[in-house]
Amino acid sequence: MKRSHLLSLFLIGCSLSASAQLSKPQVDLPDPLLMNDGTTRVENLADWTIRRQQISEMIQHFGIGQKPEVSPEAIKARMVGDTLIVDVTVGTETLTLSSCIRYPNVGQPPYALMIGTSMLSLPKQLFDNRPIAVMNYNEAQVNDYTQGRWRPRHERGEHNFDRLYPHLKDNGAYSEWAWGFSRLIDGLEQLGPEVTKIDVKRIGVSGCSYAGKMALFCGAFDDRVALTIAQEPGGGGAASWRYNCGVDSVENLDRTDYHWFLESMREQFHGDSVYLMPYDHHELCAMVCPRALLMLGNTDYRWLADEAAYVSLNAARKVWEKLGITDRIGYSINGGHGHCQLPESQFPEVEAFLDKFLLGKSDIDTNNILIAPDHFKKTIDLNKWIKF
């Protein structure tokens, strides 16, 4: 987020008291364009800037925990060869992040940059002939939680992030991972393009599965990201918690990994209580606006809850629509391929978003990249969920 974050909070009065849970259940999706006062609606970009901050506060308060601000003085960045190293000091504690940048063989610096959360799961050939540098964000340097036991891990309150912010030990991993991601961009900004060869106005983020969620949170919570590509993010990512309530065999609010979220979210919104949640994940998606968002789905894995993501993306699109920039949001949902194995049939959508929003090719048409199975369109009643 920008350094004006704290000032904007004061100006708009976006306090936790304004983020109270709903007083009565709401089955359809909350209106992302309706301010916390319940009467004022977003009419322009200035209004949306305020509303976006309100949504951010709700998601932090109820869903993932606080993503703390860091002063520029706390960041010390350097390049060692092609590796970016960023030291973040809070109080007496320092956390070090390092990521190797792989520069392209075409074009001239400063380059656009695509950051892979955990790893860049998008196929290498999409970048081979494009002047886009790539870099992996090693999220374990911040919070080393992993679902499997294939590497050592710590528990909540024991991560590197917690050394710096012990009062935030109840945070979910996604707030902490988004925090670390932003520190890498701080480092790129501090060093500048002469040192890094990177254009910080052309940064993208992408990841798949749990890292697809991570990419979405990172892109939503840092407005310096020009393009977010969330690949197969599943429940807790693009998918609506409301839609998934009671649906079998999908990742819903009762069946997700709570290392990623606040335990209090399950306590407050389990079961039908999800309808008291004052936001839903279409609003997480909408936080990317007015920047670009592409969601990639895979219907072969029911757990990913692509029906709920389809509903969320169509709801979130109303925000881009209000601002007259619907070319900046799209989705491509299909099947017939392995998890996190992007098929060639989805290459054109990804290439279009890369070319337009990282490489600035204005002649690329990204309007109406709204690709979903026919049975979604026939069986899912969007009007039931989207009443704004």
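**Strands, a loop and a helix**

Start with a pair: Arg78 stands opposite Ile85 in S2. Before I go on, some ground rules. This is a predicted model, so local features need pLDDT of at least 70, side-chain atom pairs count only at pLDDT 80 or more, and totals for chains, interfaces and linings use all residues. Residues are numbered from 1 along each chain as its sequence is written, and side-chain values use heavy atoms, with hydrogens and water left out.

Now the terms. Helices (H or I, at least four residues) and strands (E, at least two) are DSSP runs, numbered from the N terminus. Two strands pair if DSSP finds at least two bridges between them.

Back to that pair. Strand S1 covers residues 75–80, and strand S2 covers residues 83–90. They run antiparallel, joined by 6 bridges. Together they form a hairpin, with 2 residues between them. Look at the turn: Gly81 has a positive phi of about 65 degrees.

Next hairpin. S2 and S3 pair over 8 bridges, in the antiparallel sense.

Arg102 stands opposite Val134 in S5. Strand S4, residues 111–117, is joined to S5 by 6 bridges, and this pair runs parallel. There, Ala112 stands opposite Ile132 in S5.

Is S5 mostly enclosed or open? I'll call a residue buried under 20% relative accessible area, exposed over 50%, and partly exposed in between (1.4 Å probe, protein chains only). By that cut-off, 5 of the 6 residues of S5 are buried, so the strand is largely enclosed by the rest of the structure.

Now step off the strand. Ala140 lies in the loop between strand S5 (132–137) and helix H4 (160–164). Ala140 is partly exposed, at a relative accessible area of 22%. Ala140 and Ser118 are 22 residues apart in sequence. In space they are 8.1 Å apart, C-alpha to C-alpha.

Last stop, helix H12, residues 347–357. Of its 11 residues, 9 are buried, so H12 is largely enclosed by the rest of the structure. The buried set includes Phe347, Phe353 and Phe357.
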